[in-house]
Amino acid sequence: MSDAARRRGGFGRAGRYVSLALALIASTLLTSTLVASGAGAQDAAQIRARTLAASRHALAMRARYDSARRAARAVLPSDSIRAGGLTLRVDPEVVRGTTRRTIERAAARASEEIRRTLGSAADDLTIGNPVVVRGLPAYALTWRGSRLAFGLAGVPGRASMYALTLSEHEATRTILDLVGSLAASRAPDSLRAWTYGWIPAFREEESRWADFAVELAVSRSFVARACHRGALGQCERALGLVPVHDKLTEWYAPEDWRALLDSWKPLDPDVEAVRRDCVEKGVPASCERAARARTVPLPLTMAARQSLLGLALERGGTDAYRRLLAARGGVREVLAATAGIGADSLVAEWRARVLAASPHGTRPGAAEAGFALAWVVLLSVAAARRRP
Amino acid sequence: MSDAVLVRNLDYRAGKEFAIRDLAMTVPAGSVYGFLGPNGSGKTTTIQLLLGMRRADAGTVSVLGHDVPAGVHKALARIGYVPERLHLYPTLTVEETLRYHAAFYPDWDTARAEQLRREFALRAEQAVERLSKGEAGKLMMLLALAHTPELLVLDEPTDGLDPVVRRDMLNALLEYVSARHATVLISSHLVHEQERICDHVGVMDDGRLVAEMPMHAFRSGIKRLRITGAPRDAGSPPFTLLTRGLRAGREEEWVVRGWQTEMHDWFTRVGGEVREVIDLDLEESFVELLRAARKSEPEGN
Amino acid sequence: MFRQVLYVQWKWARLELIVCAIAAFLIPPVVMNVFIGQYDTYYTRGLLTGSAATGVFYVALALVVAVTLAARPWNADAALNHAYALSLPVSWSEFTRYRFLAGAVLLVVPALTVWLSGIVTAGSITIPPTLQAYPASLAIRFLLMALVLYSAVFALQYVAGKRAAKLGAWVLVLLLVVEVVVQLFHLGDPFVPTWKLLTSWPGPFRLLTARWMLIDV
């Protein structure tokens with residue numbers, strides 16, 4: 001660099017270091033991409049031969065693994081962990097040392113949370129169907145290196161996989177998720193169908209309530225948006241508490257159909273043309289025809305419904321779950337019995353809770369601004385202390 | 001205040017190689033002090049220590065009555081400084097530089113600055129990075145003079161400049177000094193130039209001040225003597241012997257400081273004879289001083 | 001004195017500030033319109049998605065202006081070995097304060113641009129009744145975040161001096177290498193606790209993790 005450029009105070013040396021960092025980032029990303037894509041020059045015939053051999057080997061392994069898994073499922077792991085009313089059966093070969101301690105702590109936390117949310121009526125949930133933690137065989141490892149499978153004894157389908165270094169939070173959450181499906185298995189049919197076979201065994205985090213507020217505001221369904229604006233009757237529709245005959249017209253207005261169809265992946269070829277006609281030209285008849293070709297989605301996500309149920313359990317106190325199990329009738333009646341208040345009041349309370357958790361928008365609060373300015377002052381003072 | 005600059009027992013080390021050791025220096029108020037020394041002798045470092053730009057490891061420094069570094073900013077407001085290298089922001093124009101600089105000096109004389117700018121033929125809208133070396137030197141001199149300082153500190157101000165520019169700058173300097181009775185500390189390795197303007201001189205070599213005296217004493221006090229017959233151990237002469245060496249035959253050459261005519265008798269007493277007394281000009285005196293100073297340094301320094 | 005320091009720093013950074021101002025005016029409406037789609041502006045979800053996307057841009061913009069305004073004055077003085085700054089009749093701490101304040105004042109320029117562009121962007125689209133535009137709040141958040149980032153870079157620069165850029169580059173490289181190793185070998189990320197500390201109260205980068213939405217509920 002010339003004297004003039006140096007004196008100009010350009011980013012000279014600093015620029016070189018930044019360029020170096022950027023070059024390293026770029027080259028690392030490129031290298032990662034190449035490694036991931038398995039680039040390399042190889043003979044095509046060799047590749048085919050190796051691939052064929054690998055496939056045959058993989059199929060044989062898979063068959064052996066499937067039969068071993070079926071056999072293993074019939075037998076519960078020998079070791080157990082108990083925490084409060086919670087029972088876990090764990091594979092001692094894999095669940096040991098740090099992993100075991102993590103799962104023990106998670107079980108204790110989960111037990112407390114279950115007792116707080118569902119009360120003593122949930123104490124015997126895992127006696128007949130304990131939470132099972134098995135080790136996965138080496139040939140079944142996923143690329144993420146998972147070694148543990150969490151499931152429920154006697155309840156196929158629900159399983160989560162983790163590495164041995166799973167965190168306490170992950171383990172707690174998994175246990176609570178599994179217990180939630182057990183808790184729902186005893187619930188009245190109407191509620192079980194409404195909540196898709198799961199009851200929250202924990203209190204919803206504040207950030208999730210904020211998500212529901214956003215969901216209400218941006219829903220493609222007019223009933224959800226009307227709920228956001230204050231129409232409680234529409235809130236009940238949005239939450240699926242009111243029977244509907246025609247979901248497409250009772251949950252979505254004609255002006256919503258276009259947004260709905262635009263969000264869907266391409267349909268069958270004969271319907272796709274109609275869908276595109278709706279999306280590109282906005283022809284209402286085309287929109288209705290295309291929309292009826294598929295299942296109409298719920299106005300709000302299942303998580304929103306489950307949060308209403310969670311609120312009912314919270315409102316109802318320690319015996320709420322017991323009353324839920326004993327309740328009869330439709331969803332509204334079950335929820336009312338659980339909460340100990342009318343369904344209208346429960347829904348109103350749910351809406352108020354959701355809107356209260358609305359993100360505060362972009363406006364920084366006074367405390368936030370104050371802390372930021374305090375850091376500014378602190379850093380500026382630090383900067384002035386050192387003389388070159 | 002009788003001394004503009006007073007330094008005692010100053011120590012400073014920069015890295016493993018270079019050090020300023022036990023420096024003592026006095027710049028009388030109202031004098032033009034020539035700070036001589038070869039390149040790398042520590043002149044610039046000493047000046048930076050005086051101005052508080054570096055921090056000494058030991059010793060005391062007082063500039064215009066203010067201790068450095070404690071009161072250096074009060075002193076700097078009364079000092080005009082021209083550094084060895086251009087120290088201005090290259091992307092600013094001459095006018096922007098003047099405005100920026102003026103903001104820091106309460107005694108800035110805008111009319112005087114404008115007058116000097118025209119005298120030095122500097123265009124206001126020209127960027128500093130586009131100035132020639134001579135123009136840049138003039139700009140720095142302008143900035144130093146325009147706030148009417150009591151002390152001017154000039155570090156090799158004419159180094160690398162053509163004779164015309166050098167003359168212009170020195171004339172401006174002399175004019176200022178005679179009008180304001182300011183003190184000037186000017187460092188240079190161009191000895192002949194210092195001879196014209198300085199009335200005090202300090203000679204720096206390898207981090208030490210090897211000599212400090214009025215200019216007339218420097219100019220006239222160092223002589224080269226041609227001697228014969230002087231014994232090897234001549235005792236304590238009444239002058240300062242700087243160097244002694246053999247010439248052709250049995251003749252010796254002595255370089256001495258503080259010589260006076262009546263000192264011939266001393267040679268007679270010790271059995272020697274003064275064949276010739278040669279006056280040295282400033283440059284030769286400077287070289288002999290340095291040679292003597294380097295000879296007296298212990299081995300390994 | 002401060003006015004001159006401010007003028008000089010403005011002169012050094014005006015090109016970058018103008019480019020950032022133009023970007024702040026051009027990019028949000030373009031991005032918003034990409035997400036809203038070409039058919040109908042009443043795509044509420046698209047508005048939020050578009051706002052979230054432009055939020056990333058605002059954070060990046062705050063970082064760019066902060067680094068520029070913090071690094072430029074230091075580099076200008078360092079190129080002269082700080083000879084000019086140290087020879088002026090002000091103490092180093094006073095001089096640094098002027099430098100800092102000048103840069104902080106200049107941050108108002110991009111913040112104002114963010115505000116104005118937010119007004120223009122929000123005015124150019126139909127906002128449904130369940131959403132609102134927050135141009136002023138966004139501009140305030142931008143200014144605060146830019147101030148914090150600016151202060152951090154300024155402090156790093158003035159404390160670490162010439163080593164700051166090298167230090168910054170090595171930190172970036174270290175972050176990258178660790179992240180790659182963590183992902184490849186499925187290890188726990190060692191930087192997560194540190195990141196959480198910095199981005200939750202009372203960490204300095206709390207503002208980063210908040211909502212940067214021009215249009216929101």
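Trainee: Which residue is the bridge partner of Asp3(B) in β2(B)?
Mentor: Pro28(B). Keep in mind that this is a predicted model.

Trainee: How many bridges join β1 of chain B to β2(B)?
Mentor: Eight. Strand β1(B) covers residues 3-14, and the two strands run antiparallel.

Trainee: What is the strand order in the open sheet of chain B?
Mentor: β2-β1-β4-β5. That makes four strands, with antiparallel pairing.

Trainee: Which strands stand at the edges?
Mentor: β2, residues 18-28, and β5, residues 66-68, both of chain B. Each has a single partner strand, so one side of each has no neighbour in the sheet.

Trainee: And what does the twist average from one strand to the next?
Mentor: It averages 20°.

Trainee: Where does helix α1 of chain B lie?
Mentor: Across β1, β2, β4 and β5 of chain B. The helix spans residues 43-50, and β4(B) spans 58-63.

Trainee: At what angle does α1(B) run to β1(B)?
Mentor: About 115°.

Trainee: Zooming out, how many helices and strands does chain B come to?
Mentor: 10 helices and 14 strands. The C-alpha atoms of chain B fill a box of roughly 70 × 40 × 35 Å along the principal axes.

Trainee: What share of chain B counts as buried?
Mentor: 41% of its 301 residues.

Trainee: And of the contacts in chain B between residues at least 6 apart in sequence, what share joins residues at least 24 apart?
Mentor: 72%.

Trainee: Switching to chain A. What does the domain assignment give?
Mentor: Domain 1 is 79-186. Domain 2 is 206-252 + 296-356. The C-alpha centres of these two domains of chain A lie 29 Å apart.

Trainee: Last stop, chain C. Where is Ile119(C)?
Mentor: In helix α5 of chain C, residues 108-123.

Trainee: Why does Ile119(C) count as partly exposed?
Mentor: Because Ile119(C) has 15 C-beta neighbours inside 10 Å. Buried takes 20 or more, and exposed takes 12 or fewer.

Trainee: What separates the C-alpha atoms of Ile119(C) and Leu214(C)?
Mentor: 9.2 Å, with the two residues 95 apart along the chain.

Conventions:
Residues are numbered from 1 along each chain as its sequence is written. Chains are lettered from A and ligands numbered from 1 in the order in which they are written. This is a predicted model: local features need pLDDT of at least 70, side-chain atom pairs count only at pLDDT 80 or more; totals for chains, interfaces and linings use all residues. Two strands pair if DSSP finds at least two bridges between them. Axes are lines fitted to C-alpha atoms, for helices over the stretch in contact, and angles run from 0 to 180 degrees between N-to-C directions. Two residues are in contact if their C-beta atoms, placed from the backbone, lie within 7 Å. Domain bounds come from an automatic or database domain assignment.
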